[in-house]
Amino acid sequence: MGIFEAILLTVITAATPLVLAALGELVTERSGVLNLGVEGMMVMGAACAFIATQQTGSPYIGILAGIASGAVFSLLFGFLTLTLVANQVATGLALTILGLGVSGMIGEAYVGQSGIKLPQIVFPILSDIPFIGPLLFRQDLIFYLSIALVIGVQWFLFRSRAGLKLRSVGDSHSSAHALGINVIRTRYLAVMFGGGCAGLAGAQLSLVYTPQWVENMSAGRGWIALALVVFASWRPWRVVIGGYLFGAVSISQLYAQAFGVGIPSQFLSALPYLATIVVLILISHNRRMTLINTPASLGKPFVPDR
Amino acid sequence: MPAEGESANSPLLAVGNLTKLFGAFAACNGIDLDIRAGEIHALLGENGAGKSTLVKMLFGVLSPSSGQILWQGQPVQISSPSAARKLGIGMVFQHFSLFEALTVAENIALSMDPGVSLSRIAKEASDLSHAYGLPLDPNAHVADLSVGERQRIEIVRALLQNPKLIILDEPTSVLTPQEADRLFETLGKLKAEGRSVLYISHRLEEVQRICDRATVLRHGKVTGACDPRKETPSSLARMMVGSDVAHVSAEGTNTKGAIKLEARHLSAGARTPFAVSLKNICLKVHAGEVLAIAGVAGNGQGELFDALSGEYPVESDDVIRIADKPVGTRGINTRRLMGAGFVPEERHGHAAVSALSLSDNLVLARSQSDRRAFLGGGVLGLIRQDAVKMAAKRISEAMDVRKSGENPAAGSLSGGNLQKFIVGRELDRQPSVLVVNQPTWGVDAGAASRIRQALVDLAKSGSAVLVISQDLDEIFEVATEIAVISEGKLSDIYPASELSREKIGLLMGGMYGKTGTAETAHAH
């Protein structure tokens, strides 16, 4: 395997959690809910996935635990913001702080343990294709899930009736209510999908990226995912472009630093953020399309007048 | 389609003693109403009379506090809009329940049976809309459509359900006279098919023209049930308002004074993708006259107001002149200091801060123009509360603003009273130039006639007044001269006495007669 292939493999591993978390948040925001707790749900997913794997010996149970913990955690957010109509921004921030704290507490006994890496699933024949084979068909379950989810979410949002309802709730919740769509239930489901995706992204961190538990191991990826959603103007494929671009530039700058390129390391560290923002701004420069894709009632609480 | 053999005298829908309480306030109080099959039934009333609350209960958006609803003789609970639709009730909302980010077909699909594919819905909607003379492109985004086209979507959406009763909430408030005529033809077709229409309006002329029966509401109660064709406009108005409405007349204003406000070939680009750009607008307002600018909403009225007031200054100084001095690049305060006053369209959040008291709102608008009177402490600019409160009281008395306390929050006033206050806030300065946008939008008839009279009186006292309005009744009441804005272009200015409603309707559609015909052909 050449160095180029090795770099690409690390890029995929680095990009997958970003794509997953951003995709979940995209669905949540398309329903009109702004959940700033992605970082907290992600780190909870990482901790619970690792603990469940250590307890049972099966990383697949770990994946389920990661998804479930993220979804349950988001349910707390849903209850506070949708049922009790608390402020979404403040609740989301609190969720992040809570997630970082709780995960550190429950994971403390597991710090330093060596974990079980999620095994690769090798597609016969396909994996023998030179270059592409090892990159795309000798991967772990979470990578395959991330690709399937992107296709699934794209189809769901823009082809299915349920996805149309979800977008309508995000565009104008009072109109959706007047049409008889259950706004609160739709938003609960969207929030939980977002939580599940963030939990899965966390599981990828503690089962694939670095199979161990370190406190605070999400390391700001939740925030990157949030930014990706906005700069991708709420389109799933743009999230993939942004996620992989960010992964690619952050891995290449690591290699560049290792090879001692004569550029200040601070600049190199900042490069992934700059590159991603510039590219996504360029692809979303059409203001009319951006306006049409922006969920108009994002972050606005809904209280039906009964 | 209504079932055959239904007896003509048993009502399709009967409402008995229906009441809706919001806290202690009864928005609807013991309403009785019956609608027969195949009739167009008018529901008349002022803003706040309870019309919208009543129809929201009929459509399952709100649940009644007490009372009963009989549908084809059977008592029913209408718990949700989809339950209403299943019964055969369709609704076209006043503030459209459309999703701007979605296409026409997607908007319609949301209220349809989920089993039907989007492409079939698109085809059915397109066919139906052409059959009723309301053509629609199912793949257009709603954000790109005019208000009239948006209303068509709502009507087609309701019709696709094959309803027995269609409720229309103030449907013509956003239409040109020609568009309204087209709507009336469609309603006639529906009636001929045996469907019933509940037609909500405060426009008496329309109701008399198309409705078979009318129920009048005031303060949440039924104050009259009649055949509108046998009544006179003033007898209907009395049922609606409870007293006679003062007549406003522009008589006594004239165009012979000096030019106080002028726009010379004013053009401005659109600031947002959904805004309208202004194209080569020329106008002159003389001292002593009221120039009214008519037009359907969203044709550049807001943009024109912004440019004239200086909220968004334009690039060249010379295109806007106040009292013959160029001010195009100057901000709003500079223009105010030159004796101009401005009242924007939105009461809440633009003309007034809802959460602040009336006196605070007064300071916000006039802290520069009345610096001496309202601010003390030299550079500190401390607010002289006593002086400000006195002024707020003076304005409230002059304009008959009815409020709950000495100095309540702006948001606690009803629309009409707040509008009287924000217009009065400018009139109190005796401005030599006044620009107002939609001065009586959503305001009850009493307050509207008060505001209109005040504008005419200001012009009579020698000021130049520019009124931008969608309400043709208002325009004919106050205007000395009239122009029409359409797609950011202004028609020629005509003396009010020379214009008919039909002519204005044509101008609203962009038919400019001697000027600009070629240009409009371009724009389409």
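The following legends describe close-up views of a predicted model.

**View 1. The contact between chain A and chain B.** In this predicted model, 18 residues of chain A are in contact with 21 residues of chain B. On the side of chain B that touches chain A, helix H2 (81-87) and helix H3 (104-109) of chain B are the elements that give two or more residues. Classified by residue type, this side of chain B holds 13 nonpolar, 6 polar and 2 charged residues.

View 2. Helix H7 (residues 161-171) of chain A is largely enclosed by the rest of the structure, because 8 of its 11 residues are buried. The buried residues in H7(A) are Leu164(A), Lys165(A), Leu166(A), Arg167(A), Ser168(A), Val169(A), Gly170(A) and Asp171(A). Their cover includes helix H1 (3-30), helix H6 (141-159), helix H8 (173-178) and helix H9 (183-209) of chain A, and H3 of chain B also takes part.

**View 3. The largest nonpolar core.** This core has 153 residues, and those with the most contacts inside it are Ala21(A), Ala22(A), Leu23(A) and Ile167(B). H9(A) supplies the largest share of the core, 14 residues.

**View 4. The neighbours of Ala21(A).** Leaving aside residues up to four places away in sequence, Ala21(A) touches Val38(A), Met42(A), Cys197(A), Ala198(A), Ala201(A), Arg221(A), Gly222(A) and Ala225(A).

Methods: Residues are numbered from 1 along each chain as its sequence is written. Chains are lettered from A and ligands numbered from 1 in the order in which they are written. This is a predicted model: local features need pLDDT of at least 70, side-chain atom pairs count only at pLDDT 80 or more; totals for chains, interfaces and linings use all residues. Two residues are in contact if their C-beta atoms, placed from the backbone, lie within 7 Å. Helices (H or I, at least four residues) and strands (E, at least two) are DSSP runs, numbered from the N terminus. Ala, Val, Leu, Ile, Met, Phe, Trp, Tyr, Cys and Pro count as nonpolar, Asp, Glu, Lys and Arg as charged, and the others, Gly among them, as polar. A residue is buried if 20 or more other C-beta atoms lie within 10 Å of its own, exposed if 12 or fewer, and partly exposed in between; C-beta atoms are placed from the backbone. A nonpolar core is a set of buried Ala, Val, Leu, Ile, Met, Phe, Trp, Tyr and Cys residues joined through C-beta atoms within 7 Å.
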